[in-house]
Amino acid sequence: MRILKQYLANSDIDLMRVNPFVRKVNKINTTWENHHVPLRELYDYAMIVMLEGELNFFYERQEVTLRVGEVLIMPPFILHKEFIKERHAAKYFVVNFDLFYSAERANWRMQDMYLNSCHAGIVKMNENPRYMVKDDNEGVFTSPVLLKVKNINVFLEILQKMYEKDISSMYQPLTVEDRMLLKAYLLEILSRLLQMEEMEEERRYSTEINKFVEYVIENYSQNIDVNKKALELGFSPNFFQKIFKKETGVTPFAYLQQIRIEEAKILLVQGIQVKEVAKRVGYSDPLYFGKVFKKKVGVSPAMYKNAILDKSDKDVF
């Protein structure tokens, strides 16, 4: 599965501008016989998190099955069909929300927006001009967001709190403080989704980075083509350099040089001739090895060797 940020229509979007409004939190427990949702486009966002069973969606010419441990965020204005397969049931949370608050949108009501159309016999929901508002909430994601969640129970606990707060509105209207609390809960969920997926991405890349590190440690004495190795690991050279530097603080080539120089220090201390050291750590040209060594260590290989061994004679190329 993709990560959350990969669904953004604009990778430069300022997420600090997000100011969500939670319109409704529901816990649905239904069967295929009683689930009547027409073909439709939403006017706001819907986040669906499964508790039991499966829920199916058809959009963008593909059928998607939402299972326990998965989250689907359906953005506005994407034509889709939601259904439960024959003889199946589903239990799930659904949160309807706006990513960007506006007083006008806060007055929209679920009954008028969707529920009046959720009846047997209605094939497609008619568009309501009142809700066909193209503002900041439209176009944030390129497509519906489907994510796999590791610690789903953490999300379910938050959603249960949101649900309990929302159903209290049956007895008295939600206060500003209640609305702020619901906003805080939703921000926590979105934040966790971002952090979780970023960590998943880092772990995935770390596997490949570790393979490169192990390869360098075992083969530093050989002629290593860093770009070729990146391609073998499934990355373009530029992208691999980017993620490797993010993980280790240095580029892949710089890491290779680092390993070679550290090994060269050990060999020089053992009294091995500079030409032989250069060869053993993967440099066919001892002059080039000398330049690299001096740049990294501050002195030439010969000076380093003689200083460490406290010799008066000079070891030259």
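**A friendly note on this predicted model**

1. Let's start with a charged pair: arginine 67 and glutamate 54 join their side chains in a salt bridge, 3.4 Å from N to O. The term means a side-chain nitrogen of Lys or Arg within 4 Å of a carboxyl oxygen of Asp or Glu. Arginine 67 is in the loop between S4 and strand S5 (70-74) and glutamate 54 in the loop between strand S2 (45-53) and S3, so the pair ties together parts that are 13 residues apart in sequence. Strands here are DSSP runs of E with at least two residues, helices are runs of H or I with at least four, and both are numbered from the N terminus.

2. A word on the ground rules. Residues are numbered from 1 along each chain as its sequence is written, and side-chain values use heavy atoms, leaving out hydrogens and water. The model is predicted, so local features need pLDDT of at least 70 and side-chain atom pairs count only at pLDDT 80 or more, while totals for chains, interfaces and linings use all residues.

3. How exposed is the first pair? Arginine 67 is partly exposed, with a relative accessible area of 41%, and glutamate 54 is also partly exposed, at 29%. Buried means under 20% relative accessible area, exposed over 50%, and partly exposed in between (1.4 Å probe, protein chains only).

4. The structure holds 16 salt bridges. One of them joins lysine 229 to glutamate 232, at 3.4 Å from N to O. These two are 3 residues apart in helix H5 (residues 226-232), about one helical turn. Lysine 229 counts as buried at 15%, whereas glutamate 232 is exposed at 52%.

5. Now look at the open sheet of 3 strands, ordered S4-S3-S6 with antiparallel pairing. Strands S4 (62-66) and S6 (80-83) are at the edges with a single partner strand each, so one side of each has no neighbour in the sheet. Strands count as paired if DSSP finds at least two bridges between them; S3 and S4 have 5 bridges, and S3 (residues 55-59) and S6 have 4. Across from asparagine 56 you will find phenylalanine 83 in S6.

6. The expected span is 1.5 Å times one less than the number of residues. With 18 residues, H7 should span 26 Å, and its end C-alpha atoms are 26 Å apart, which agrees. Buried residues in H7 include Tyr255, Leu256 and Ile259. After H7 comes glycine 271, with a positive phi near 85 degrees.
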